[in-house]
Amino acid sequence: MTTTLAALQSWVDQVATQTQPDSIHWCDGSEAEYQQLVKLMLADGTLTKLNEKTYPNCYLHRSDPNDVARVEHLTYVCTEDEDDAGQNNNWMNPADAHARMVGLFEGCMRGRTMYVIPYCMGPIGSCFARCGVEITDSPYVVINMKLMTRMGSQALERIEKEGTFVRGLHSTGELDPERRFIVHFPEERSIMSYGSGYGGNALLGKKCHALRIASYQAREEGWLAEHMLIVGLESPEGAVHYIACAFPSACGKTNLAMLIPPEELHDWKVWTLGDDIAWLHPDDTGKLRAINPESGYFGVVPGTNPKTNKNAYDMITHDTIFTNVATTADNEPWWEGKKEGTPAKDWQGRDYDAANGPAAHPNSRFTVAATNNRAYSNLCDAPEGVPISAIVFGGRRKNVAPLVYEAKSWEHGVLVGAGTASETTAAMVGEVGVIRRDPMAMKPFCGYNFGDYFAHWLSFRERTTHLPKIFHVNWFRQHENGEFMWPGFGENLRVLQWIIDRCEHRADAQETPIGFLPHPCDIDTKDLDISEETMGILTSINTRQCRDETISLGKYLEGFGERTPKALLDQQRIVLDALSESLAKAS
Ligand code: OXD
Ligand code: MN
């Protein structure tokens, strides 16, 4: 297979001349191709087969121990003007970045096969979908892209018709952390990634294209590319509300997207549309509609068990690629929090020894097609996407943020989103457990200056008439002794129910300086083991803490200089004044 599109053919030829592969393989996306690549990787040890009886068609990949997470400090946005990338990104001059990458890619595919992967982010027939081509020397990338995206012949057909595509060039190189760079050229709609085989750095359709490049393109074209799950909540009466939620990495997006209703709400149904990325477009009727550009999940494995996420637990028992998990003596995958079995080999293939740390890497992953999920929504393939009733932001906060609150307006909601902050986790390289600001959960993923990004969000007031309501949730509030106050997981549906009721103007709320909070009795806690006192804390604000938080947010926003929209700072000032007034009254 080659292509009728001259621009694509000449790019592939030019990359081949530069990188010198032994052969070139154009991916058709077929099952036969997937199986053929699996066979090849089993033969060379890139994959090992897991227990066929209990985990049919499942494989384990052990990555280089130096290559287990996204590398934000080596990730760059290369715009002509440094200010267009903003201080939220590492920046390199495009000419310098090209020169550096040319040096790295020179001859790097000698002895290897070069794979050409045409892919489509979003349903093939959707006008909201966007296409790309990834060139890689990693068959592991190809099989992951097969599970995560719509890739192969159909995508190529669309690309040939449209004539445009995002160019992504990837090589695992020598896996040397000193020679590792993930660079984006949003103005050229291209990506170059060298020296890592890890998902977020190497599966270029995901974070690199569907967030960094797409967010830039979305601003030019009047839509939003966001780090959001999409979930459909069907009430016992059959009404379905779709909500889009943005939480920083490893705050339970996948669990929420696959939530199983608790016994008390057993007549509700939950449909998963996506667990990581949403593209939001205003439609002709003035609503915001969402598609999930991906067609599979690349989820964190540790902690997955029948209690935390039964849908995911079951979904990964077949047709799954595991990366960096441990294995049992029966050759089943094993991870911390699995609640079943014991590890025999750790994620590096050594005999398990607790002295070496966790058996599975804390950022070990599953890759699986979305159709494996029993809560899969057929609307994942709907070209028009789904209408969004509510946007929900959230972070992992021990204190400050109450269980849930509603923004007072779209503009205030943009401030709430910009104020998203979280304690860090193992999904990114660096220290775990420190607070970091992560506006709209897009800190590692926004392909341009956050000041311009906030202005783009605010502009939706003019772009559409029926804007969704905006909320903030915090499932992670803790007692002094470190215990979580809220049970989380399936019980989160009780909070989402209040959110839907607010959208339907059916639920009451109390007004506070930071937004509308439920009264304790507005959240259904029937059959929950939670005290009145705890519900009181979860549904109230600590005015002093909120004021300190709002002051610190103001300073953070001002850090983007002239690009920070005045309308956003006005919102911060309104909240701060209301908090100060309330403190003055109380004293
Ligand atoms: C992810 C992340 O892998 O956000 O989805 O880190
Ligand atoms: Mn993510």
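Which residues of α14 are buried? They are N492, L493, R494, V495, L496, Q497, W498, I499, I500, R502 and C503, where buried means under 20% relative accessible area with a 1.4 Å probe and protein chains only, exposed means over 50%, and partly exposed lies in between.

This is a predicted model, in which local features need pLDDT of at least 70, side-chain atom pairs count only at pLDDT 80 or more, and totals for chains, interfaces and linings use all residues. Residues are numbered from 1 along each chain as its sequence is written, chains are lettered from A and ligands numbered from 1 in the order in which they are written, and side-chain values use heavy atoms, with hydrogens and water left out.

**Helix α14**

Helices (H or I, at least four residues) and strands (E, at least two) are DSSP runs, numbered from the N terminus. Helix α14 covers residues 492–503, and its 12 residues reach 17 Å from first C-alpha to last, close to the expected 16 Å; the expected span is 1.5 Å times one less than the number of residues. Of those 12 residues, 11 are buried. Just after α14, H505 has a positive phi of about 60°.

**The manganese site**

The manganese ion (ligand 2) has K207 (NZ), H227 (NE2) and D276 (OD) as protein donors, at 2.1 to 2.2 Å. Donors are N, O and S atoms within 2.8 Å of the metal (3.2 Å for Na, K and Ca); water is not among the atoms, so sites may look incomplete. Along the chain the donors follow the spacing K-x19-H-x48-D. K207 lies in helix α8 (residues 205–221) and D276 in the loop between β15 (269–274) and β16 (278–282), so this pair ties together parts 69 residues apart in sequence. K207 and D276 are both buried.

**Ligand 1**

The table gives polar contacts, which are pairs of N or O atoms within 3.5 Å.

| Side chain | Distance to an oxygen atom of ligand 1 |
|---|---|
| H227 | 3.3 Å |
| S249 | 2.6 Å |
| D276 | 3.3 Å |

The protein covers 93% of the 210 Å² of accessible area that ligand 1 has on its own, by the Shrake-Rupley method with a 1.4 Å probe.

**T539**

T539 sits in the loop between α15 (532–538) and α16 (543–558). T539 counts as buried because its relative accessibility is 3%. Leaving aside residues up to four places away in sequence, T539 touches Q510, L517, P518, H519 and P520, contact meaning heavy atoms within 4.5 Å.

Methods: A polar contact is a pair of N or O atoms within 3.5 Å; within protein, one must be able to donate a hydrogen and the other to accept it, and residues adjacent in sequence count only if both atoms are side-chain atoms.
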